[in-house]
Amino acid sequence: METLKEKTARGLFWGGMNNGVQQMIGLLAGIILGRLLSPDDYGMIAMIAIFSVVAIELQSSGFKTALTNLKEPTDNDYNSVFWFNIVVSLCIYLLLFFSAPLIARYYHTPALVPLCRYTFLGFFISSFSLAQSAWLFKNLRTKQQAKAGMTAIVVSNVVGIVMAWRGYAYWSLATQTLVYVLVNTLMLWHYSPWRPTFSWDPQPIRTMFRFSCKIMASAILTLVNNNILNILLGRYYSAHQTGQYNQAYQWNYKASYTLQGMVQTVAQPVFVDLSDDRERQLRALRKLIRFASFVSFPLLLGFGLVAKEFIVLAITEKWLVSAGYLQVLCVAGAFTPLSLILSNLIISRGRSDIYMWSTLALGVCQIVLMLALVSQGVSAMVVAFTALNVAWLFVWHHFAHRLTGYRLLSFLKDMLPFLLVAAATMALTHFVTADLGSLWLRLLTRIVMAAVIYIGVLWMAHAQILKETIEFLRAKTQKKQ
């Protein structure tokens, strides 16, 4: 029988595989779609994206997290959540269907009415798989989740590219999302052995709701926080400018989510399993922080280093403005996985109230700050957004310290070495390669040079996390052979 350490390692591997493959496919599709579509097309989707993601959280009501937080959820628990989500999502879809004209009026864009009604079908479809997804997540079936996600991303991107090539403009992006949700739902049903029955008991919903409603509120606030610039730019700036920012936001999200998804797959289940052993839980927390720092800082800061070259070569100079935004957003993206780990620790200790109020406070600060800077231009808003989100990492640490005794000095010891090595590596690489004339030569040289320096420095410093990662990958390779 697998130990928790083995399950965690396997979960990180398959979580990384899933997100790595999805982001690689998303990278290729994003390049093709970026060439075929205009900033205005992306701006149209960016304006309404927040409504879809908020609706998904309202539909799920935090019950996936609540089910995971139960030591031994029953079939009755899953069944209650399944039917509750379907009914709620149908009601929300109908509400948004009739609210589409109001959304279009807010953005001064009448064409959003049919687009809203079409795009919002996605969260209703996804409601049919939430219980299956929760079962796989709770039982650390990361391999099955990975296969479902990878299949869905391949099919949906093929459909989106074909539609964009045929001239369907922003409808291709909307359809791409719908196809992803549909295929992922079908695959989760295929891999999950759990099946619903036609009986419904409201008691599990009542029992979990006090916890789950805070998770739901926090998730909605997080989504609003992440999309606040899309919301405000769509209102105060043009679809073109919104699309330029959204392109940068999407590329930063692709890079950051590679690690976020890997960590998210295992963090909360592992913390819940160790909730009765505080010392082991703290050790697991620190190890996850070190692993996330080891990967996130070079990945995101490195992406920021080559942002201009990548954007121009991949999706042409029409997106050059977004490259500057991307460089700044990558700094925030580098710290996001660490905030995710600390917030998952807080949730696993049953303190969804702390999670909710901290997320709300961040959202209020962001809204006030963004509105104060809306007349200063998009660049000023992006810099302020990034600075606030980096600073908020220490708010999450404050609460994690209160719950686990994870001292600030220990946190800095776990994080700072990787941040400093990665930052120094990118600065040195930028200085050495700044005069290279060819964009292709500069891009490739920077990637290779930064990777060699970063890994070389950690190897000479005998970084334990590097050695453990190499040993794990070597063991995986030998097992396959």
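## Overall picture

The chain is built with 19 helices and 0 strands. Please keep in mind that this is a predicted model. Buried residues account for 55% of the 481 residues.

## Helix 4 and its kink

Let us start with helix 4, which covers residues 75-106 and has 32 residues. From first C-alpha to last it reaches 44 Å, close to the 46 Å expected at 1.5 Å a residue. Where does the kink in helix 4 lie? The kink is at Ser99, shortly before the proline Pro101, and comes to about 50°.

Just after helix 4 comes His108, with a positive phi of about 55°. As background, most residues other than glycine have a negative phi.

## Helix 18, side by side

Helix 18 has 22 residues. Its span from first C-alpha to last is 31 Å, close to the expected 32 Å at 1.5 Å a residue. Which residues of helix 18 are buried? They are Arg442, Leu443, Arg446, Ala450, Tyr454 and Leu458. These residues cover an arc of only 100° around the axis, and therefore sit on the same side of helix 18.

The face turned away from the buried side carries exposed residues of helix 18, namely Trp440, Val448, Val452 and Met460. Trp440 also takes part in the cap at the N-terminal end of helix 18, where a side-chain oxygen of Ser438 lies 3.4 Å from the backbone nitrogen of Trp440.

After helix 18 comes His462, whose phi is positive and near 55°. His462 belongs to the loop between helix 18 (439-460) and helix 19 (464-480). Is His462 buried or exposed? His462 counts as exposed, because its relative accessibility is 57% and the exposed class begins over 50%.

Ala169 is another residue to look at here: although it is not a glycine, its phi is positive, at about 50°. You will find Ala169 in the loop between helix 8 (142-165) and helix 9 (170-191). Ala169 has a relative accessible area of 24%, so it is partly exposed.

Lys318 lies in the loop between helix 13 (307-315) and helix 14. With 34% relative accessibility, Lys318 counts as partly exposed. Along the chain, Lys318 and Pro39 are 279 residues apart, yet their C-alpha atoms are separated by 8.3 Å.

Which residues are in contact with Lys318, leaving aside its neighbours within four places in sequence? The contacts are with Gly34, Arg35, Leu37 and Gln244. The side chain of Lys318 reaches the backbone oxygen of Gly34 at 3.2 Å, and the backbone oxygen of Leu37 at 2.8 Å.

## Two buried serines

Ser192 sits in the loop between helix 9 and helix 10 (203-236). Ser192 counts as buried because its relative accessibility is 1%, where the buried class means under 20%. A polar atom of the Ser192 side chain lies 3.3 Å from the backbone nitrogen of Trp194. Not counting residues up to four places away in sequence, Ser192 touches Gln132, Trp135 and Leu136.

Ser339, by contrast in setting, has its place in helix 14 (residues 320-348). At 13% relative accessibility, Ser339 is also classed as buried. What does Ser339 touch, not counting residues up to four places away in sequence? Ser339 touches Leu393 and Trp396.

Key:
Residues numbered from 1 in each chain as written. Predicted model: local features only at pLDDT ≥ 70, side-chain atom pairs only at ≥ 80, totals over all residues. Heavy atoms only, no water. Helix = DSSP H or I, 4+ residues; strand = E, 2+ residues; numbered from the N terminus. Buried < 20%, exposed > 50% of the residue type's maximum accessible area, 1.4 Å probe, protein only. Expected span 1.5 Å × (residues − 1). Bend = angle between axes of the 7 residues up to and from the residue. Contact = heavy atoms within 4.5 Å. Polar contact = N/O pair within 3.5 Å; in protein donor to acceptor, adjacent residues only side chain to side chain. Arc of directions from axis to C-beta.
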